[in-house]
Every structure is written in C-alpha cells, then in structure tokens.
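The exercises below are to be worked through with the sequence and the coordinates side by side. Each task is followed by a solution that goes step by step.

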Amino acid sequence: RGLYAPLLLPWVKRFAADDRLMVMKFNEVFNASIVDEVLRFAGVEDTSVDEHYDDFIRNKRPTNKGAEMPLDPTIRLYLKFLYQPFNRLFLQLLGEEWDGW
C-alpha cells in the first residue's frame, strides 16, 4: 500500500461528486476492454481499440520480479500501523470494494 489517500483527496473532492473521476487498479489498464471503457468515460466517440492492442500490451506489461525477502515482523507491524489511517481514508474515498487491492 502507500500514501494514496492524501493524493486522491483533492481529486475526489473536485470531481467525484459529478462522476467525473475514474480510478483504476494499475493491472486493469492492460486490457483492451478497459481501455474502451476509459475512452467512453472520457467522451471519446470511437472507442474501438486497435486490434493489435493486446499483442502490444502483452509485450509491454511491467513485471515485478524482484528477489523476495522475508520482512522482519517488527517492521511489518510498524508499517501496518503507519499506513492504517491512510488505508482507512483510502477506503472511505473509493469504497470497500478496494479493500485488499
């Protein structure tokens, strides 16, 4: 997780009430149907995504293949309490369906 809530707050206050804010999970962007959805949301009339989009994205999709190292339990607990209020605000801003993302 991270400190997303303080960054989202001004955008939500300004645009969410008018349904002019679309927030997506990063991994959802790599799907042609989602791109169509974003284009429709933005008011782009021709929302047909090029037929080569899936092949392009498949080759460009980022991966997170760093070495896994166990996290010290003390550090894990510290981070849990550090991020807890920000994660709570994040869920208040975007809804419970974002829990566990």
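**Exercise 1.** In which segment does Gly2 lie? Determine also whether Gly2 is buried or exposed, and list its contacts beyond the local sequence.

Solution. Before starting, note that this is a predicted model, in which local features need pLDDT of at least 70 and side-chain atom pairs count only at pLDDT 80 or more, whereas totals for chains, interfaces and linings use all residues. Residues are numbered from 1 along each chain as its sequence is written, and side-chain values use heavy atoms, with hydrogens and water left out.

Step 1: Gly2 lies in the segment before α1, where helices (H or I, at least four residues) and strands (E, at least two) are DSSP runs numbered from the N terminus. Step 2: Gly2 has 12% relative accessibility and therefore counts as buried, since buried means under 20% relative accessible area, exposed over 50%, and partly exposed in between (1.4 Å probe, protein chains only). Step 3: leaving aside neighbours within four places in sequence, Gly2 is in contact (heavy atoms within 4.5 Å) with Tyr83, Phe86 and Asn87. Step 4: Gly2 and Leu79, 77 residues apart in sequence, have their C-alpha atoms 9.8 Å apart in space.

**Exercise 2.** Describe the overall make-up of the protein chain: how many helices and strands does the secondary structure come to?

Solution. Step 1: the count is 4 helices and 0 strands, and the order from the N terminus on is α-α-α-α. Step 2: of the 101 residues in the protein chain, 19% are buried. Step 3: among contacts with a separation of 6 or more, 49% join residues 24 or more positions apart.

**Exercise 3.** Which residues make up the largest nonpolar core, and which element gives the most to this core?

Solution. Step 1: a nonpolar core is a set of buried Ala, Val, Leu, Ile, Met, Phe, Trp, Tyr and Cys residues joined through side-chain atoms within 4.5 Å. Step 2: the largest such core has 8 residues, namely Ala5, Leu8, Val12, Phe90, Leu91, Leu93, Leu94 and Trp98. Step 3: two or more residues come from each of α1 (4-15) and α4 (73-94), and α4 gives the most, with 4 residues. Step 4: Leu8, found in helix α1, counts as buried because its relative accessibility is 15%. Not counting residues up to four places away in sequence, Leu8 touches Val23, Phe90, Leu93 and Leu94, and the C-alpha atoms of Leu8 and Leu93, 85 residues apart along the chain, are separated by 8.0 Å.

**Exercise 4.** At what angle do α1 and α4 pack, and which residues meet?

Solution. Step 1: the angle is about 30°, with the axes 8 Å apart; axes are lines fitted to C-alpha atoms, for helices over the stretch in contact, and angles run from 0 to 180 degrees between N-to-C directions. Step 2: α1 and α4 are therefore roughly parallel to each other, a term for angles under 35 degrees. Step 3: Tyr4, Ala5, Pro6, Leu8, Leu9 and Val12 in α1 meet Phe86, Leu89, Phe90, Leu93 and Leu94 in α4.

**Exercise 5.** Where does Asp19 lie, and is Asp19 buried or exposed?

Solution. Step 1: Asp19 lies in the loop between α1 and α2 (32-41). Step 2: with 62% relative accessibility, Asp19 counts as exposed. Step 3: phi of Asp19 is near 55°, a positive value in a residue other than glycine. Most residues other than glycine have a negative phi. Step 4: just after α2, Gly43 also takes a positive phi, of about 85°.

Conventions. Parallel < 35°, antiparallel > 145°, perpendicular 65-115°, else oblique.
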